[in-house]
Amino acid sequence: MSAHTISLQLGAAAGGLLDVMLVVLAAAGIVATIASRLKLDAVAAYLITGMIIGPHAIGLIPEGSEIDSVAHLAIILLLFGIGLEFDLGSIRMGVKRVLIAAGLSIVLSLIVLGPIGLFVAGNFRGSVIVAMALCLSSTAVVLQLYQRHRRLTRTDGQLGMSILIVQDLAVVVMLASLPLLGAIAGSPDAGASAQAVDLSLLGILRQIGMTLGFVGLLVLAGKYVLPLMLQEAARAKALEGLIVLSVAFAIGAAALTEWLGLSPELGAFIAGLMLGPTPFRHQLLGQIGTLRGLFMAIFFTTLGASLGAQAIIDGWWVILLGGGLMILIKSVLIAFACWSVGAPPKIALKVGLTLSQAGEFGLILAGRAASDDLGLITQQTADRITAITILSLILTPVLFTLADALAHRVSTRATPPWLRTPTLIDADERPDAPGRDLVIVAGYGIVGRAVTDHIATRPNTCVTIIELNMKTIGKQTSLGRSVVYGDASDPGVLESAGINHARILVLTIPDPLAVLGACKIARQMNPGVFIVARTSYVSQATIASGLGANAVIAEELVTAQEVERVLQNALDQRPKPDDDDRGDEAGSDGQES
């Protein structure tokens with residue numbers, strides 16, 4: 001085959017992909033704009049859009065198109081960002097209670113959702129797969145809701161995200177168990193994958209050990225090796241290198257877990273989770289966060305396109321009944337699990353309703369179970385799981401709002417018999433918890449250090465530093481101060497520093513463009529924050545004021561005032577004319593003598 005022929009084939013394939021990408025992004029963008037006007041959730045809009053333009057409706061996206069590969073990459077990067085978003089060290093509640101609540105909710109959901117699985121799949125083997133798929137909630141959609149409503153710093157947000165993290169990690173066990181289920185059940189479609197499974201105790205332990213061993217290597221690389229590489233990139237101030245190395249690690253982790261027979265999306269999620277505790281997390285979040293909307297648009301639009309109208313028509317009553325029962329059962333069970341470990345009823349209710357949907361990992365698990373090499377469920381069952389998931393995702397924003405409305409009507413102090421008082425409550429609801437004002441200082445040079453030292457002397461005031469110098473970050477972190485690595489003009493970095501609830505933002509950065517960008521973004525994110533900005537020139541100070549700064553210190557003006565003061569003091573201290581004359585006369589007399 002000639003090079004010219006290969007070039008033509010590649011060009012045709014790229015042209016087809018570009019056409020499909022154009023349709024997906026244009027349709028998703030238009031519908032998302034309309035949804036925003038109507039106060040509807042963007043994810044629901046993407047799903048409905050995909051169903052309309054998909055191959056089973058008007059056919060703007062052909063079946064088996066190249067967009068599937070793009071969507072696969074999009075969900076990998078989306079889940080990498082989700083793992084990066086959640087820092088395990090930020091869980092302020094006891095890890096033991098979180099694990100009990102998450103584990104209890106998963107086990108109870110698997111047991112109680114079993115009959116629904118039998119109703120959806122029609123056989124026992126399929127019911128197990130359906131129960132596993134539906135017991136997993138959507139990390140992507142719930143995280144978006146928590147961010148939009150600023151819940152990640154509240155108890156219900158942290159408890160909800162903690163349960164989601166445990167659910168996502170439980171997917172490792174679920175995916176690893178699929179070949180075993182196929183072999184045990186003697187599935188005729190299980191293929192080589194199931195037949196190759198050694199059902200002896202030694203064989204099962206060997207498979208589990210290999211999986212955990214490779215995942216352990218991934219964790220060690222993410223904890224020790226990659227941070228060193230990122231640190232070198234940070235010392236060289238190569239911010240582009242940070243994002244390139246991190247995305248390469250995410251894709252490498254995805255490839256490794258796929259080679260192990262697990263979900264590549266899970267590998268990307270674990271990669272993000274490993275980078276969460278590092279100081280580079282906030283900068284990476286800011287850079288990846290700008291593309292999160294693009295990833296979600298591609299993935300959820302493509303997901304909607306995968307569902308055929310015929311699948312909904314044939315089993316609409318199964319989908320509606322199964323979806324409704326799933327939401328009810330998961331709401332009750334998750335709320336009970338949270339209440340049992342010390343969450344007040346109103347917080348337990350919020351978490352239960354918010355996490356009552358099915359999620360993206362459930363779809364991945366169902367797709368794997370329906371694949372040709374396993375054949376644990378039929379394609380019809382997989383389509384029904386997809387339809388139930390889409391229905392629950394569309395209803396999630398409604399349930400989130402309903403949870404807030406119902407939370408005010410339930411008791412706030414009712415506790416289970418084995419606990420004396422509720423323990424998982426927000427800090428501002430504790431009667432003995434004093435409020436503290438947050439001051440963010442961007443830039444820790446001479447000016448930033450002076451500002452921070454002054455704030456440290458103020459009672460009921462805490463400070464968070466934003467800095468790019470790794471030595472400064474290491475030293476201030478060792479002193480116990482809160483430090484965020486990143487560019488202060490990045491929305492993700494500002495949000496990580498706490499701009500949404502900060503009282504004062506002090507911009508001491510010697511970079512005028514960064515100062516102006518931070519003024520604009522901070523004012524948009526928190527209209528009530530008091531912004532103090534440092535600029536080089538008076539002209540920049542005028543622009544900063546127009547962008548939202550409450551007070552601006554222009555170095556040009558301060559320098560002029562200081563020079564004027566020094567000159568004034570020098571002139572005031574000049575010797576009097578009489579003294580000068582006498583001195584001259586004496587000097588003259590001396591010379592003459």
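A quick term before you click: buried means under 20% relative accessible area, exposed over 50%, and partly exposed in between, using a 1.4 Å probe and protein chains only. This is a predicted model, where local features need pLDDT of at least 70, side-chain atom pairs count only at pLDDT 80 or more, and totals for chains, interfaces and linings use all residues. Residues are numbered from 1 along each chain as its sequence is written, and side-chain values use heavy atoms, with hydrogens and water left out.

Start with Leu178 and Phe300. In the largest nonpolar core, which has 129 residues, these two touch the most other members. (Such a core is a set of buried Ala, Val, Leu, Ile, Met, Phe, Trp, Tyr and Cys residues joined through side-chain atoms within 4.5 Å.) Now show what surrounds Phe300: beyond its neighbours within four places in sequence, Phe300 is in contact (heavy atoms within 4.5 Å) with Val43, Tyr46, Leu47, Ala140, Val141 and Leu393. A separate core of 27 residues includes Val484, Ala488, Ile499 and Ala544.

Next, the aromatic pairs. Rings of Phe, Tyr and Trp (its six-membered ring) pair if their centres lie within 6.5 Å; planes under 30 degrees apart are stacked, over 60 edge-to-face, the rest tilted. That rule gives five pairs. Select Phe119 and Trp317: with centres 5.5 Å apart and planes at 70°, they are edge-to-face. Phe119 is partly exposed at 32% relative accessible area, and Trp317 is partly exposed at 45%.

Last stop: Tyr146 and Phe400, edge-to-face too, with centres 6.3 Å apart and planes at 65°. Are they buried or exposed? Tyr146 is buried at 0% relative accessibility, and Phe400 is buried at 2%.
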